[in-house]
Amino acid sequence: MTDLLRLEAVTAGYGYGAAAIENVALSLPRGSSLAVLGRNGVGKTSLLATIMGLTQMASGKITFDGGEIGGIDTYERARLGLGYVPQEREIFPSLTVEENLSVARVDRGKWNIESVFELFPRLAERRQNFGNHLSGGEQQMLAVGRALVSNPALLILDEPFEGLAPVIVDQLVEALKRIRKESDMTFILVEHHVDLALSLTVQALILDRGQVVWNGKSNDLAGNKSVLSSLVGIS
Ligand SMILES: Nc1ncnc2c1ncn2[C@@H]1O[C@H](COP(=O)(O)OP(=O)(O)OP(=O)(O)O)[C@@H](O)[C@H]1O
């Protein structure tokens with residue numbers, strides 16, 4: 001498998017203070033999946049934001065689909081096939097569900113408004129609701145759907161299950177499994193539910209104070225209680 005995404009010695013931050021991520025290397029083959037784990041404030045969101053071009057990169061190299069993207073704008077990265085579901089969801093409140101999907105749509109693959117409605121029937125029922133008239137779970141489905149309709153090669157999800165009822169988490173997990181199965185999409189997942197994150201991914205890395213302190217297979221990490229307890233804080 002060729003690498004869809006590669007980071008080499010990437011250091012980045014917010015323009016002042018210490019770097020939020022430091023000397024980070026990772027390689028993600030096309031069709032694979034990566035869980036990014038670690039305690040609060042270790043730089044997980046900053047790593048995703050750096051891949052999307054939302055931090056200031058001090059040094060290093062980011063390659064996506066064979067081309068260097070470290071110096072290009074976020075919208076260009078999206079155009080190249082990076083789909084981002086940020087922690088804050090960032091739904092447009094004054095647009096309807098359908099309009100939120102429609103503004104993000106790029107016709108280059110199997111995902112469109114109708115296939116997203118088929119994946120999330122709840123969104124189909126709410127298609128005329130405004131973004132600010134949705135439950136947290138519906139907003140999260142819409143945030144995932146909005147990334148999907150751009151038909152990304154890489155889907156980046158920042159804590160997609162946070163604060164959601166277990167029944168909604170189950171629906172989103174099933175949807176993610178379907179997305180993988182039906183479109184062989186590569187994805188990166190930041191998630192505090194460690195067992196869930198490891199069960200959904202092939203690869204995992206752990207960050208501590210902005211640096212990669214463990215990198216390997218999700219299966220191996222799931223069975224490594226001492227690493228999980230010392231580096232992620234799971235007892
Ligand atoms: N927009 C920002 N401006 C300045 N500093 C920031 C910003 N976002 C994060 N930071 C800092 O960068 C460091 C890493 O934060 P980050 O949010 O990436 O960690 P995290 O592992 O995602 O945390 P959590 O698990 O709590 O979401 C922290 O010191 C944080 O204060």
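This is a predicted model: local features need pLDDT of at least 70, side-chain atom pairs count only at pLDDT 80 or more; totals for chains, interfaces and linings use all residues.
Visitor: Which residues surround the ligand?
Guide: Around the ligand you find Tyr14, Ala20, Gly38, Asn40, Gly41, Val42, Gly43, Lys44, Thr45 and Ser46. Lys44, Thr45 and Ser46 are also among the buried residues of H1.

Visitor: How does that shell split into nonpolar, polar and charged?
Guide: Three of the shell residues are nonpolar, six are polar and one is charged.

Visitor: Let's switch to the sheets. What is the strand order in the open sheet of four strands?
Guide: The order is E2-E1-E4-E5, and the pairing is antiparallel. Strand E2 (21-29) and strand E5 (67-68) are at the edges with a single partner strand each, so one side of each has no neighbour in the sheet.

Visitor: What packs on that sheet?
Guide: Helix H1, residues 44-51, does, and it touches E1, E2 and strand E4 (56-64). The direction of H1 makes about 65 degrees with that of E2.

Visitor: How many bridges are there between E1 and E2?
Guide: Six bridges, in the antiparallel sense, with strand E1 covering residues 3-13. E1 also pairs with E4, again in the antiparallel sense, over seven bridges.

Visitor: Which residues stand opposite Leu7?
Guide: In E2 the residue opposite Leu7 is Leu26. In E4, Ile62 stands opposite Leu7.

Visitor: How many bridges join E4 to E5?
Guide: Two bridges, and the two strands run antiparallel. Thr63 stands opposite Glu68 in E5. The hairpin of E4 and E5 has two residues between the strands, and Asp65 takes a positive phi near 55 degrees there.

Visitor: Which other residues have a positive phi although they are not glycine?
Guide: Arg89 is one, with a phi of about 70 degrees, and Glu90 is another, at about 55 degrees. For background, most residues other than glycine have a negative phi.

Visitor: Where does Arg89 lie?
Guide: Arg89 is in the loop between strand E6 (82-85) and helix H3 (97-104). Glu90 has its place in the loop between E6 and H3 too.

Visitor: Why is Arg89 partly exposed?
Guide: Arg89 has 18 other C-beta atoms within 10 Å, so it counts as partly exposed; buried would take 20 or more. Glu90 is partly exposed as well, with 14 other C-beta atoms within 10 Å.

Visitor: What does Gln139 touch?
Guide: Leaving out residues up to four places away in sequence, Gln139 touches Arg89, Ile91 and Leu134. Gln139 is found in helix H6, residues 136-148.

Visitor: And why does Gln139 count as buried?
Guide: Because Gln139 has 21 C-beta neighbours inside 10 Å. Gln139 and Ser115 are 24 residues apart along the chain, and 17 Å separates their C-alpha atoms.

Visitor: On to E8. Which way do the residues of E8 point?
Guide: Thr186, Ile188 and Val190 point one way, while Phe187 and Leu189 point the other way, and all are buried. In other words, five of the five residues in E8 are buried.

Visitor: Which strands are joined to E8 by bridges?
Guide: Strand E3 (residues 33-37) is joined to E8 by four bridges, and the two run parallel. Leu34 stands opposite Ile188 in E8. Strand E7 (residues 154-158) runs parallel to E8 as well, with five bridges. Asp158 has Val190 as its bridge partner in E8.

Visitor: Where is His193?
Guide: His193 lies in the loop between strand E8 (186-190) and helix H8 (194-200). With 14 other C-beta atoms within 10 Å, His193 is partly exposed. His193 and Ile234 are 41 residues apart in sequence and 9.9 Å apart in space, C-alpha to C-alpha.

Visitor: Last one: what does the UniProt annotation cover?
Guide: The unreviewed UniProt entry carries the annotation "domain: ABC transporter" for residues 5-234. Over residues 5-234 the chain is 37% helix and 27% strand, with the end C-alpha atoms 29 Å apart.

Notes
Residues are numbered from 1 along each chain as its sequence is written. A residue is near a molecule or strand if its C-beta atom, placed from the backbone, lies within 6 Å of it. Ala, Val, Leu, Ile, Met, Phe, Trp, Tyr, Cys and Pro count as nonpolar, Asp, Glu, Lys and Arg as charged, and the others, Gly among them, as polar. Two strands pair if DSSP finds at least two bridges between them. Two residues are in contact if their C-beta atoms, placed from the backbone, lie within 7 Å. Axes are lines fitted to C-alpha atoms, for helices over the stretch in contact, and angles run from 0 to 180 degrees between N-to-C directions. UniProt positions are given in the numbering used here, feature names are shortened, and annotations may be inferred rather than shown by experiment. A residue is buried if 20 or more other C-beta atoms lie within 10 Å of its own, exposed if 12 or fewer, and partly exposed in between; C-beta atoms are placed from the backbone.
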